[in-house]
Amino acid sequence: MKDRIVVKIGSQLLTRKDETLDITQMSDLVDQIAELHKNNTEIILVSSGAVASGRNEIKTCTKLDSVSARQLYSSVGQVKLIHRYYDLFSQQGIICGQILATKEDFSTRRHYLNQRNCMNVMLENNVIPIVNENDAISVNELMFTDNDELSGLIAAMMDCKKLIILSNIDGIYTGDPSDPDSKLIKEIDSNENHIEKYIQSSRSSTGRGGMKTKYNIARKVAEEGIEVIIANGRIKNIISRLVKGIDTPSTRFIAGSKEISGVKKWIIHSEGFAKGEIHINEGVRKVLVSSKAVSILPIGITKIVGNFEIDDIVRIIDHTGKQIGIGRSSYTSDKAKEILGQANHKPIIHYDYLYIEK
Ligand SMILES: Nc1ncnc2c1ncn2[C@@H]1O[C@H](COP(=O)(O)OP(=O)(O)O)[C@@H](O)[C@H]1O
Ligand SMILES: N[C@@H](CCC(=O)OP(=O)(O)O)C(=O)O
């Protein structure tokens, strides 16, 4: 089987200071991806840059609100961006295709599988998928946090071996990156949870989520068994170096060793679609957080919140009110309310459809 990786390119890397597309940089990244593609690595490219590349194309007569501006600039900029990618890949004899994703495309198992099928058929036919959020129609609560989140969802969905997140910085530092005392963190184990305190809220002028989302998504994805690397896209031959395992400044999240099924991976990333809550008692919490594989039975439930249907995603809340996981409900909320606290019913969340956070 071919190695399969996701490479995510941030806006900062693709644009010059004057916010025009940095074609030299794009061409260099495309060359590296083309080399890997020719050497039998399957690559899915998640590329930002639509808003940034559309911004200086259009001068509006009136001042636009931020949503309309993002819609307008991305609709123009995405065409420019993909056109440039198409040309650069064609020069290498490679065909690429565009996928514009919205959060809704991950909301139900059916949508999710449709999307997975689309990328699989592209890869099987040697087409490089280039993914971006569909910024023109994804607004407010329908938006991904940013393309880092989208790249993590895709790496998990497509069973990738590695996720490489390229930005304008070598990785995560132990403090403000401009402070000479800050050191680059080379490796992070998914059990380490003290790193967040080092991350500043600053972010690049064209980007969206900043280092915090990169860190959160990287931890989650690494826990699912996928190695994640945050690195500087401006370092010469960076993608090839990271794929070949050549020592290069970067922050690497060590992949967890636990096998996680495809359906569980979908559930792990579906928290944003939760339709309700299942509150459990202290006894159930104890077994769930132990390493035993158990399902949640109605007898251990104390309260149901929200209205949900069979197969909807729900949050699991413990006796102290803390969310400890997510899962897919086998009952409607009405039926769950009717049988909560009772014995002799099938599980409300089967182990196969249950994810308990660390
Ligand atoms: N501890 C930290 N280590 C590294 N970078 C950090 C840290 N805290 C905040 N940052 C900021 O995160 C930025 C990268 O995130 P972001 O702006 O989202 O990039 P991109 O647009 O490439 O996705 C860096 O330019 C840096 O200013
Ligand atoms: N989808 C947007 C990019 C949003 C985003 O996440 O940007 P970045 O943080 O630079 O990866 C665009 O193409 O402009």
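**Exercise 1. Find the residues that UniProt gives to the feature "domain: PUA", and describe the chain there.**

Step 1. The unreviewed UniProt entry places "domain: PUA" at residues 276–349. UniProt positions follow the numbering used here, feature names are shortened, and annotations may be inferred rather than shown by experiment. This is a predicted model: local features need pLDDT of at least 70, side-chain atom pairs count only at pLDDT 80 or more, and totals for chains, interfaces and linings use all residues. Residues are numbered from 1 along each chain as its sequence is written, while chains are lettered from A and ligands numbered from 1 in the order in which they are written.

Step 2. Residues 276–349 are 20% helix and 30% strand. Helices (H or I, at least four residues) and strands (E, at least two) are DSSP runs, numbered from the N terminus. The end C-alpha atoms are 13 Å apart.

**Exercise 2. Work out the strand order of the open sheet, and which strands stand at the edges.**

Step 1. The order is β10-β9-β11-β12-β13, with mixed pairing. Strands pair if DSSP finds at least two bridges between them.

Step 2. β10 (301–306) and β13 (354–356) each have a single partner strand, so one side of each lacks a neighbour in the sheet.

Step 3. β12 (residues 323–328) pairs with β13 in the antiparallel sense, over 3 bridges. G325 has I356 of β13 as its bridge partner.

**Exercise 3. State the domain bounds and how far apart the C-alpha centres lie.**

Step 1. Domain 1 spans 3–263 and domain 2 spans 274–356. These bounds come from an automatic or database domain assignment.

Step 2. Their C-alpha centres lie 34 Å apart.
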